[in-house]
Amino acid sequence: MQLLTFSIAGEPCAIEARLVTEVLPLVPARPLPQVPDYVLGMFTYRGDLVPLVDLSRRMAAGPPRQRLSTRVIVVEFRPPERLADAAVRLGLVAENVIGIRGADKAAVGSPPLQLASAPYLGPLLRLGGETVQVIDIRRLLPDDLLAGLFPSVPSVVRPTEGRS
Amino acid sequence: MTPDPKADHGTSMRRSIAGRLLFWFLVIALIPCALLTAITARIASSALEKSVRDTLVQTAAGKAGELEAYAGERVRDGAALARGPTLVRAVRDLSRAAEAEDDPRARLNAAAAAVTPYLTYAASSFGYEQLLLIDTSGRILFSLDDAIPPGTMVGSGGLATSELAVGFDRAKTLLQSDLGGFQHYGPAGQPMAFVTCPVFDEGRLTGVLALGLGPERVWKVLSDFSGLGETGEVVAGQLVGDSVLVTTPLRHVSDAAFRLRIPLGTDQASGIQQAASGTRGYGTLRDYRGQEVVAAWSYLPSFRWGLAVKQDAAEAYRLVRFQRSAIIGLSLATIVGVTLAALVVARTISGPIRTAMAVARQVAGGDLRAAVDVTNDDETGALLAAIQTMTSDLRGLIGRIQHSSVALMGTATAIQATASEQHQVMADYGASTSQAVAAVKQISVTSQELVRTMTEVNDMAGRTGTMATEGRADLEGMDGTMRGLAESTSSFGAKLATISERAANINLAVTTITKVADQTNLLSINAAIEAEKAGEYGLGFLVVAREIRRLADQTAVASLDIERMVKEMQYAVSAGVMEMDKFSEQVRAGVHEIGAVAGKLGGIIEAVHGISGRFGQVTEGMRAQSQGADQIREAMVRLADGASRTAGALDDFNSATVHLREAVGDLKEEVSRFTI
């Protein structure tokens, strides 16, 4: 399994590389009114309007530093409790997005955490002397917000690959 | 008559006159009257009591005589009957029949039948209820009824202790007729008394005639209560053992005869006790009911009875009581009448005196308006007229005094007011003078202080001039230093601008390197992601991507964070250059200002020299003013002394005026007590 690593408030985190569509330089987003502060707005990705979410603010760590390594990770996934063929696309802002690491399945350090206040926290892994927090991006946004951001067909795309 | 104490003087005098008159009226009128009444009442009640006693004693004597006469008559009748030949013969026949050898009872009955008509007639004609013939041995030969049957022995059985046996013995032994006591014979019926008479036949005692007598006749005599009023009665009793047995029906206890017993020695019915014991007497005592009675008692020898005639004391002495209450009522009426008369007379005399006293008290209290009514022309009238004259004269006099005192009071008040006013004016004057003295004193002190201050200021001005001169010399040195500083600052700013330019060049180079590294890194990540998605087929590509990324990291990843630092440094250098420019501008301005200050200091030095001379003149003027103020103060002190002496004199005058006014006020108050 390959993991895309980055850092939130200096702590190493990762997401599964198979869910990542592409990594982009930081792009400006059009802000949305009356949304949580971690939803930065919508940006245009290959002709589609995609919600841009700041992972740092989402995990209550304040705004990210403006660096060259601060980048946008475009992900595509099927949210839980949705139709089997309804996948959504999100842009995630994170710092220090500079590498991919291979991880053995057996190297998983702990089972996924079960916190009601932070359902998106996945397992903790030991990778090369560091403890890396895996983020489950399918549970990153609350259901009502997800339903609000993707109310209709255009933002729901049919998955074409990466399904196991 | 003293005026004090005023309050109860009038009442005591009134009590004195009216009381004395009343007392003597009562003494003179009532003492002889009371003595006379007492004596009369005493005599009258004695007479009444005597009449009651006489009535009772006479009644008792009358009843006793009547009963004695009745008893004697009965005994005489019996004796006469016993001497009759028919009866003597009957006794003889009956005795023989009783002593017969054969069947004495039948022969006795036959003999009795022969004499029964005669004997029945004789008994009824003399009013006897029973007739017995008894032979000398005591055997009853004949009887009118079956209560005492023939053949019974008198000396034995139920009759052994009876009055009949006693009478029989007496007749047989004394040979004379006699009346025995009443006693019950047989189970029922009235008590009976027997007259026993000896029967002689040819000079020899052959038997005894016993005649039974009922009590009705005796009771009739004793139940006659005429002359004894409502409660009077006659009580008869005979001595039986240690008690007295009442033998008559009583007015209050109708079935008392031969039932009621009065024990001897008790204090109840002591009259009948003494009578039954054979005494005669009179007295007031308690009867068998416990009631207080008046009684007379005597002894009836024929019946061996006591006899008491009595009447309730309340009834017997009713007249005495009535007389006593009448006397008391009359006495009270007399006392009331005499008291009223005495009061009226006392008032007639004491009334005018009281009026005079009231007027006198009113005058003493200050009210002179009192008017006196002179209604009569005796000595009291003359007294009242004199008091009226005196009051009216006094009224005129007091009125004049009141008018004068009011005028005097006004004058005194006016004088006092004027004096007070003058005193106030003087006091104000004194106060003003004192204030003036104080003010002048203050001025003097202030002037002296001013002189001292001016001297110090003058000194200071001199020193200031010196210091200003020195300051100007220092400023000229400083001006040169400032100019040097301005030049150095300008060259420093130029060097900083050079640094800033170099930093910008470095930044440009670093930015270029960083951008390349960044693009390379991004490319390698995306390549790795694509390789991951390609699965097994992408493994080789993944290795290539990793190598590219490592290369980029080695060359420039570290510089990803550099760019911003260089930018910040460049910014700081340009800010420093700007600050240096501003600073050198300020230094230049400072140099200019120092020149201006030096010029102004020169002006100040000249002015200070001028001021020094003027201060000398002012100080001289102030000293002269201070001396003048001292002189003014002395004069004002002398003026204040004079004012305070004048105020003292006015005080004396004022107090004298107050005394005068108080005296006039007292006089006015005294006079105003009188109301005209």
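Analyst: In this predicted model, β9(B) is joined by six bridges to strand β10 of chain B, residues 292–300, and the two run antiparallel. Strands here are DSSP runs of E, at least two residues long, and helices are runs of H or I, at least four, numbered from the N terminus; two strands pair if DSSP finds at least two bridges between them. To find this pairing in the structure, look for T284(B), which stands opposite V294(B) in β10(B).

Both strands belong to an open sheet of six strands in chain B, with antiparallel pairing and the order β8-β7-β6-β11-β10-β9. At its edges are β8 (261–263) and β9 (281–286) of chain B, each of which pairs on one side only. From one strand to the next, the twist averages 35 degrees (axes are lines fitted to C-alpha atoms, for helices over the stretch in contact, with angles from 0 to 180 degrees between N-to-C directions).

Chain B also has an open sheet of five strands, again with antiparallel pairing, in the order β2-β1-β5-β4-β3. Its edges are β2 (140–143) and β3 (178–179) of chain B; each has a single partner strand, so one side of each is left without a neighbour in the sheet. What joins β3(B) to strand β4 of chain B? Two bridges do, with β4(B) covering residues 193–201 and the strands running antiparallel. Within this pair, L179(B) has V195(B) of β4(B) as its bridge partner.

Helices sit against this five-stranded sheet as well. Helix α4 of chain B, residues 163–174, packs on the sheet and touches β1, β3, β4 and β5 of chain B, its direction making about 30 degrees with that of β4(B). Helix α2 of chain B, residues 85–99, lies across β1 (130–135), β2, β4 and β5 (204–213) of chain B, and runs at about 85 degrees to β4(B).

One residue to look for here is L124(A), opposite Q133(A) in β9(A). β8(A) and β9(A) form a hairpin with two residues between them, and in the turn G128(A) has a positive phi of about 55 degrees. β9(A) is also joined by two bridges to strand β2 of chain A, residues 11–16, and this pair runs parallel. There, A14(A) has V134(A) of β9(A) as its bridge partner.

Over all chains, the structure holds 19 salt bridges.

Now for the two chains together. In contact (heavy atoms within 4.5 Å) are 19 residues of chain A and 18 residues of chain B. Between chain A and chain B the count of salt bridges is zero. On the side of chain A that touches chain B, β1 (2–8), β3 (20–25) and β7 (88–102) of chain A each supply at least two residues. β3(A) gives the most to that side, with six residues.

Residues are numbered from 1 along each chain as its sequence is written, and chains are lettered from A and ligands numbered from 1 in the order written. Local features need pLDDT of at least 70 and side-chain atom pairs count only at pLDDT 80 or more, while totals for chains, interfaces and linings use all residues, and side-chain values use heavy atoms, leaving out hydrogens and water.

Notes:
A salt bridge is a side-chain nitrogen of Lys or Arg within 4 Å of a carboxyl oxygen of Asp or Glu.
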